[in-house]
Protein chains: 2
Amino acid sequence: MTKPLILVTNDDGITAPGLRALVRFMKEIGDVIVVAPDSPQSGMGHAITLDSTLHTERVVIDKMHGANEEYSCSGTPADCVKLALQELLPRTPDLCVSGINHGSNSSINVIYSGTMSAAIEAGIEGIPAIGFSLCDYSWEANFELASSYVKQIVSQALLHKIPKGVVLNVNIPKTENESPKGIRICRQARANWKEKFDKRISPMGKDYYWLTGEFELLDKGKDTDEWALANGYISVVPTQFDLTAHHAIDDLNQWNIHEQE
Amino acid sequence: MTKPLILVTNDDGITAPGLRALVRFMKEIGDVIVVAPDSPQSGMGHAITLDSTLHTERVVIDKMHGANEEYSCSGTPADCVKLALQELLPRTPDLCVSGINHGSNSSINVIYSGTMSAAIEAGIEGIPAIGFSLCDYSWEANFELASSYVKQIVSQALLHKIPKGVVLNVNIPKTENESPKGIRICRQARANWKEKFDKRISPMGKDYYWLTGEFELLDKGKDTDEWALANGYISVVPTQFDLTAHHAIDDLNQWNIHEQE
C-alpha cells in the first residue's frame with residue numbers, strides 16, 4: 001500500500017517551530033512535502049499574488065527530521081497551495097495540513113487567518129484539508145503536548161474523509177506540562193475584536209497608527225470553539241467556503257428591488 | 001431628520017472610477033465619508049496590517065462630486081474599515097458600502113475579494129454593509145448603467161435593515177448601453193479557478209511564476225449568482241462570516257477522536 005501524500009504549509013514561514021513540529025508528526029503517517037512561505041504572512045487572510053511574480057526554491061531546513069521535499073515560496077499561504085497543487089507536487093495529495101500556527105485561529109479569527117486560508121484554498125480545489133493552531137504566540141511554544149491528538153485527527157480524516165465543501169479548523173489550548181483534555185467538535189463562537197489604534201506622531205510630524213485590540217467574546221454557548229479552548233479541550237470546527245447565508249434569502253426576497261423602476 | 005451617514009471604501013484605491021461613481025450615487029442618499037486605500041489592493045482577501053504602521057491622510061480628490069470628507073489610508077480594505085470606525089468617523093455609520101469593484105466578486109471570488117473583506121469587516125463590527133462589483137475589469141467601465149439599481153438596493157437596505165450576521169455581495173453584469181434586466185437574490189455558485197502558472201526564467205537563471213487561471217463553474221443551478229449574471233441580472237448574495245458548516249457537525253461526531261488514547 002502506498003503511503004498517503006501530505007502537503008504541509010503554514011503562514012508563519014517555513015522555519016517556524018510550529019511547522020517543523022507538524023512535519024515531524026506527519027512523517028509518522030505519510031510522505032510529506034512542504035511548500036511554505038519564505039517569511040511570516042500572519043494576518044494575510046485569503047490574499048493571493050495577482051500583480052507580481054512568485055518565486056520558489058527547493059530547500060533543506062532539517063536534514064534529519066525534515067520532509068521528503070521542501071520548497072520555500074515568496075507568496076502568501078494561498079499562493080503556496082496553488083503552486084504546490086499545480087506545479088510542485090508529483091501527484092494530487094491525499095491531505096493538506098496547515099500550521100501549526102503560533103496563536104489562535106478560533107472564532108472570528110478564522111476570517112483573518114493565513115493558516116486557514118491555505119486549508120480553505122486546498123478545500124476549494126477539492127483536497128481534504130485541516131488547519132492547526134496552538135493558542136500560544138510564543139516561538140518556544142510546546143507543540144509536543146498535542147502530538148497524539150494531531151495525529152489522531154489526521155488519521156481519522158484520512159479514514160473517514162472530510163465532508164465535501166468543508167475544511168477543519170483545529171485549535172489547541174495552551175496547557176502547562178499536560179496534554180489537552182480531549183477533542184470537541186464545535187461551532188465558531190460569535191466574537192469580534194475591539195480595536196484600539198495607538199496613534200503616534202512621526203519624526204516628520206505626521207500621524208500614524210499601530211493596530212491593537214482586545215478579543216471580545218459575544219457568545220455564551222457551550223458548543224463553541226471558545227468554550228472548548230477555555231475548558232482545556234481541542235476545538236474542531238467544520239468550516240465552509242460557501243459563504244451564502246441561505247436563511248436570509250427569503251428575507252431579502254421581500255425587499256422592493258425586483259422591479260425595474 | 002438627519003441624513004444617513006455612509007462610509008465608502010474599496011480595494012482598487014481611492015482614485016478608482018468605481019469608487020468615484022459609488023460616492024456620487026451615495027451623495028444622493030446621505031452624508032458620505034470615504035476611507036479607502038491609497039493604492040490598489042486587489043486579491044488581498046481579508047488581510048489586516050499587524051506588523052507595520054498605518055498612515056492616513058485627509059485628501060480632496062474631486063471638489064465638485066467628492067464626499068463630505070475623504071481619507072486615503074496606507075492599509076488594506078479591512079484596515080480602512082477598522083480605522084474609519086475607531087478613529088475617523090464622527091459617529092457610527094448607518095451603512096458601509098465597498099466598491100464599485102472593477103471586476104467580478106461573484107461565486108468563489110468572494111473568498112479572495114478585498115472589496116468584500118471591507119464589507120465583511122464592517123459586518124463583523126455590527127455595521128450594515130454591502131459590497132458592489134461590476135463584471136468589467138476596464139478602468140473605463142460604465143458604472144452609470146447600474147446607478148438606479150445601486151441606489152435602490154442601498155435605500156432598501158437602509159429601510160428594511162440587513163439581517164444580522166449577513167452582508168450583501170452585489171455583482172453587476174457588464175452590459176452594452178443598457179441597464180441590467182433586474183435584480184436576483186442568489187446563492188454563491190460552486191466554482192473554482194483552474195490555475196495555470198506561467199513559468200519563466202529570470203535573467204539571473206532562477207525560475208519564477210505568474211499566476212493565471214480560468215474560472216471553472218461547477219454549478220448548473222438557476223438560483224446562483226453566476227446564472228443571474230450570465231442572464232443579464234444583478235446578483236445579490238447574502239453572505240455570512242460564521243463559517244461553521246453546521247451540517248457537518250454530526251458527521252464529525254462519529255469520528256473516533258473523542259477519547260484520549
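**Exercise 1. Determine whether A:Lys161 is buried or exposed, and describe its backbone.**

Solution. A:Lys161 has 10 other C-beta atoms within 10 Å. A residue counts as exposed if that number is 12 or fewer, so A:Lys161 is exposed. The structure is a predicted model. In chain A, A:Lys161 is found in the loop between α4 and β7. Its phi is positive, about 65°, although A:Lys161 is not a glycine. Most residues other than glycine have a negative phi.

**Exercise 2. Determine whether A:Ser107 is buried or exposed, and state where it lies.**

Solution. The count for A:Ser107 is 28 C-beta neighbours inside 10 Å. Since the cut-off for a buried residue is 20 or more, A:Ser107 counts as buried. The loop between β5 and α3 of chain A holds A:Ser107. Its phi is also positive, about 50°, and A:Ser107 is not a glycine.

**Exercise 3. Describe how α2 and α3 of chain B pack.**

Solution. Two packed helices are described by the angle between their axes and the distance between the axes. For α2 and α3 of chain B, the angle is about 30° and the axes are 7 Å apart. Angles under 35 degrees count as roughly parallel, so α2(B) is roughly parallel to α3(B). The crossing of α2(B) past α3(B) is right-handed. Residues making the contact include B:Cys80 and B:Val81 of α2(B), and B:Ser117 and B:Ala118 of α3(B). By class, this contact has six nonpolar, three polar and two charged residues.

**Exercise 4. State how many residues of chain A are in contact with chain B, and their classes.**

Solution. In chain A, 68 residues are in contact with 68 residues of chain B. Among the elements of chain A that each supply at least two residues of this side are α2, α3, α4 and β9. The side of chain A that touches chain B has 33 nonpolar, 25 polar and ten charged residues.

How values were computed:
Residues are numbered from 1 along each chain as its sequence is written. Chains are lettered from A and ligands numbered from 1 in the order in which they are written. This is a predicted model: local features need pLDDT of at least 70, side-chain atom pairs count only at pLDDT 80 or more; totals for chains, interfaces and linings use all residues. Two residues are in contact if their C-beta atoms, placed from the backbone, lie within 7 Å. Helices (H or I, at least four residues) and strands (E, at least two) are DSSP runs, numbered from the N terminus. Ala, Val, Leu, Ile, Met, Phe, Trp, Tyr, Cys and Pro count as nonpolar, Asp, Glu, Lys and Arg as charged, and the others, Gly among them, as polar. Axes are lines fitted to C-alpha atoms, for helices over the stretch in contact, and angles run from 0 to 180 degrees between N-to-C directions. Angles under 35 degrees count as roughly parallel, over 145 as roughly antiparallel, 65 to 115 as roughly perpendicular and the rest as oblique. A crossing is left-handed if the near helix is turned anticlockwise from the far one by less than a right angle, and right-handed if clockwise.
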